[in-house]
Amino acid sequence: MTLQQLNELLEGEIIGSTDVNISGIGDIENATEGQLTFIRNRKYARYWENSSASIGIAAKNLSLTPKDNQAIIKVDQVDLSMIKILNALAPKPPVFDMDVHPSAVVDKSAIISEGAKIGAGCYIGKNVFIGKETILYPNVTLLDDVMIGHQTTIWSGAVVREQCVIGDACIIHSNASIGADGFGFVPSPDGRGLVKMPHIGNVIIGNGVEIGANSCVDRAKFGSTVLGDGTKIDNLVQIGHNSILGRSCVMAGNSGLAGSVTLGDGVMIGGSASIKDHTTIHSGATVGAGSGVMADVEAGKTVLGYPATDARDMLKQWVALRKLIE
Amino acid sequence: MTLQQLNELLEGEIIGSTDVNISGIGDIENATEGQLTFIRNRKYARYWENSSASIGIAAKNLSLTPKDNQAIIKVDQVDLSMIKILNALAPKPPVFDMDVHPSAVVDKSAIISEGAKIGAGCYIGKNVFIGKETILYPNVTLLDDVMIGHQTTIWSGAVVREQCVIGDACIIHSNASIGADGFGFVPSPDGRGLVKMPHIGNVIIGNGVEIGANSCVDRAKFGSTVLGDGTKIDNLVQIGHNSILGRSCVMAGNSGLAGSVTLGDGVMIGGSASIKDHTTIHSGATVGAGSGVMADVEAGKTVLGYPATDARDMLKQWVALRKLIE
Amino acid sequence: MTLQQLNELLEGEIIGSTDVNISGIGDIENATEGQLTFIRNRKYARYWENSSASIGIAAKNLSLTPKDNQAIIKVDQVDLSMIKILNALAPKPPVFDMDVHPSAVVDKSAIISEGAKIGAGCYIGKNVFIGKETILYPNVTLLDDVMIGHQTTIWSGAVVREQCVIGDACIIHSNASIGADGFGFVPSPDGRGLVKMPHIGNVIIGNGVEIGANSCVDRAKFGSTVLGDGTKIDNLVQIGHNSILGRSCVMAGNSGLAGSVTLGDGVMIGGSASIKDHTTIHSGATVGAGSGVMADVEAGKTVLGYPATDARDMLKQWVALRKLIE
């Protein structure tokens, strides 16, 4: 890519000039000639002087001077520019030689819409519906009565249990488990064991949702476990039965919701945080990494720690505790 | 289901009457006409007055008045009644058109007992034994010398490594890993690396055990990692090599046992809790969610926090810490 | 095995004698006649007097007296002796009747080197390279352009995404996910949703690396997520995109690195610990179990707690907190 081609993509403002063709991307400390780099803020800007990168994509407010045969493209939002460039440079995803691989087992009652691809070794049960241009990589399992929307991607090893519903434009990563039984047991009448609570509900996942590798979303006892449109779930995340997540929530790796948790819209859950059953975290709230939430969280509030409390209070507690030993 | 059919199932006491046929279940705040709901305790009872549910299944000690064309069925234990109803209403599990799908690879030395079902894409290694009426959903892998009891269910994507033993009436959820190598390494004699400790033991899982989706039970160094009868493990749980779990233990999501942990009978481990290697948690003890247990726990005791200590003391510590900053 | 055969393997010093053939291994409290046991230190040595084990493999510095028909073999390092014995006694791994199972789907452009074994139901995409004597157990998925070195073992259910590279003599355990998209999103320009950051990099895993069951290593945004030679990862571990791990690092179960974390060489991360994004843990540092690391850690230092701090300071904080409520 030339400087001009890049700027057609980004519609930014060019400072300086370079005739080098861009062949890759590097971080600012390590980028070499022929690479472009991203300069989001002052922290990265101070490395620019010594950088060998040929082009820097920089935030508008930074004042940076390109050296000979170097250029800066100033943009409104560096992250959005990065997305454009990465999409332009992305290698082709794995190739399907045919729409439905002959080794896939597809029940004759299943509906596979136009442009959908079914990889080798997939299993598609009875009455499954698969939308247009949806891609199942090899060794995906969809049990009976599953519905998958259009342009959704399911990576290898993922399992979607019977009756679950996944929307359009979702990405389900490898080895994710959607619709396993919720975890519920009742002491047996003789007090000597546990009786399994049946989970006869399902999971309903909206549009534009991403579920990370090896993450689990359990089916509801009755009714549905629900993930709202645009919600993004990282790897190794547990979502308990009957939890209801709003739109555009984010849960980072190793975090978990016990059963019947409610998240509003735009809730952020940090990595390794866990949320008690039957609690509600209202819209726009943030739970810090590693926190253990044991009570409802108000809209827009940030909580932190174990047990989670107002983040500023928790930071004060941490300071107080350090002072205690001085 | 009519009111009378329901009560034949529950053997409770009917108050009021309704001629509505029950077509579904709702929680008490949202249930509509034609649905039944469950009223476990006072907390839920106060919603009854405004509920549109046609039937309420209620604990005996609650005084509730049905409105016109509404009924209450009073029962001894609401949760056990719920289990009966959910079992009665459960949709059919995924259907197998034949006992052993032709795409499954079953070694000729394996024994598949009467009534067992093997789904598409399963792999059954040498000398594997599968008991009567046991079900393997598609894409399950059982390596050589595995023994599975009767009426056990193994969901898609689960892997059981060589020589492991699973009892009767167990449920192994999707993408669970049974029998992977334990995690043990010894500094190499030259101090420059790590030498792998071989793990030549296996995993033995008793009867009526449930292992959650994407959970892991590692094989023993020598001897066996053992899960006692009736023990229930949630999703994304790690059980380290040589751990010994008693009967009817419960481990919630994202929790973990390091190696050589011993749990007595009826031990409860909360979500995201982790237990140090070589510790013993005696029968009837409870570990609170998010706790980090670093020492043995006495029988019947409840511990909490990180590091885990007596739960009442930990709650006092939390209060003291909050007071410190006031 | 006889006493003499054992000692030929261990090259230790025999005290006492026994004519019993060793048929198994037991821990010192439970070992019976015909079994050998390991005596690493004083803690175990005090059980020797009452042990029925026929042979004890003991550390040189312990003074232990064998009873009639019992023997002690004194060795320099008990753990290395244990490794030798376990390797000698290990049962045969699962057997392959043929090199490439006919039910495996192997693209014709893939290169399968001499002595490699491909199990039933595996999928091998375009341009994949598999080294000599590498073993893929049934139902492994390798997508396009993956490179696997020599003598590597990949257990069932593991998925390696396109363009990822795994070295020689590695072990990838069941249901591990290598190369899923990193977790990164940018608020959409209208502020009403999240735009996915493409992850066009890959994962590069060195030689002698072990990845536990159901663990996840995410691909880089650009460039590579890197695991250095000899690094050992336990089960259910999350390694975020663009993290760089040095040589011989150890991460225990349920732990996690957020994105762009750097580990030096020989870093030890305890179980359930989590590390904030963009932090560096320098060579030889140790992170205690359950810790939450929010800042860089100096070389050789041990940190503990949440938020993680110098381990001795954290232990003092815990003591101070306990005193506060007395």
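Author: A salt bridge is a side-chain nitrogen of Lys or Arg within 4 Å of a carboxyl oxygen of Asp or Glu. By that rule, the count between chain B and chain C is 2 salt bridges. The structure is a predicted model, in which local features need pLDDT of at least 70 and side-chain atom pairs count only at pLDDT 80 or more, whereas totals for chains, interfaces and linings use all residues. Residues are numbered from 1 along each chain as its sequence is written, chains are lettered from A and ligands numbered from 1 in the order in which they are written, and side-chain values use heavy atoms, with hydrogens and water left out.

Reader: Why is the pairing of B:Lys126 with C:Asp97 called a salt bridge?

Author: The closest N and O atoms of B:Lys126 and C:Asp97 are 2.9 Å apart. That distance lies within the cut-off for a Lys nitrogen and an Asp oxygen, so the pair is a salt bridge.

Reader: What makes a residue pair of chain B and chain C a polar contact, and how many are found?

Author: A pair of N or O atoms must lie within 3.5 Å; within protein, one must be able to donate a hydrogen and the other to accept it, and residues adjacent in sequence count only if both atoms are side-chain atoms. Across this interface the rule finds 16 residue pairs, both residues at pLDDT 80 or more.

Reader: Which element of chain B gives the most residues to the side that touches chain C?

Author: Helices (H or I, at least four residues) and strands (E, at least two) are DSSP runs, numbered from the N terminus. Elements that each supply at least two residues to this side include strand S18 (177-180) and helix H4 (311-324) of chain B. H4(B) gives the most, with 6 residues.

Reader: What is the buried area of chain A and chain C, and which three residues of chain A supply more of it than any other three?

Author: Buried area is the accessible area (1.4 Å probe) that two parts lose on being put together, summed over both. For chain A and chain C it is about 4,300 Å², 66% of it on carbon and sulfur atoms. A:Ile83, A:Leu86 and A:Ile325 supply 12% of the area that chain A buries there.

Reader: Where do A:Asp97 and C:Lys126 stand under the salt-bridge rule?

Author: Their side chains meet in a salt bridge, at 2.9 Å from N to O. The count between chain A and chain C is 2 salt bridges.

Reader: Why is the relation of chain B to chain C called that of a three-fold axis?

Author: In general, two copies of a chain are related by a rotation about an axis and a shift along it. Copies are superposed by least squares on the C-alpha atoms of residues with pLDDT of at least 70 in both. Chain B can be laid on chain C with an RMSD of 0.1 Å by a turn of 120° and a shift of 0.0 Å along the axis. That is the relation of a three-fold axis.

Reader: How do you know whether chain A and chain C meet through different surfaces or the same ones?

Author: Only 16% of the interface residues of chain A are also interface residues in chain C, so the copies meet through different surfaces.

Definitions and conventions:
Contact means heavy atoms within 4.5 Å.
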